[in-house]
Amino acid sequence: QVQLVESGGGLVQPEGSLRLSCAASGIIFSISAMRWYRQARGNQRELVALVTSGGSTNYADSVKGRFTISRDNAKNTVYLQMNSLKPEDTAVYYCNADVQSAAWRPLLAYWGQGTQVTVSS
């Protein structure tokens, strides 16, 4: 079994910064892509950023230039540095990872429980 645990959410003023972390634990052979999603109240969950096992990244247009995704493979952890935050960034942020628990097992997608980010003055 694999667990993803997020941390780092909270309340921040517009133009402020937050750093989210998501640590994977359990029986892990390898982790492929790691992603951050967010879901604002009344909206569908949307992909914010992803990072491959090789370090390639991709971002939603709405966060390009403001958010940075990174990962520490030794710690099985993915980060999301969020700068110049706007009220429209308010949402529950979820991490997602494709995890292989053994060499002969397929990749399975796991989700964290979510962490609230609120941008407000």
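Mentor: Two strands pair if DSSP finds at least two bridges between them; strands (E, at least two residues) are themselves DSSP runs, numbered from the N terminus. This is a predicted model, where local features need pLDDT of at least 70, side-chain atom pairs count only at pLDDT 80 or more, and totals for chains, interfaces and linings use all residues. Residues are numbered from 1 along each chain as its sequence is written, and side-chain values use heavy atoms, with hydrogens and water left out.

Let's look closely at strand E9, residues 91-100. Nine of its 10 residues are buried (under 20% relative accessible area, with exposed over 50% and partly exposed in between; 1.4 Å probe, protein chains only), so E9 is mostly covered.

Now follow its partners. E4, residues 30-39, runs antiparallel to E9, and eight bridges join them. Find Tyr 93 in E9: its bridge partner is Arg 38. Tyr 93 also stands opposite Thr 115 in E11. That strand, E11, covers residues 115-119 and is antiparallel to E9, with three bridges between them.

Further along, look for Ala 97, whose bridge partner in E10 is Tyr 110. E10 spans residues 108-111, and four bridges link this strand to E9, again in an antiparallel arrangement.

To recap, E9 is joined by bridges to E4, to E11 and to E10.
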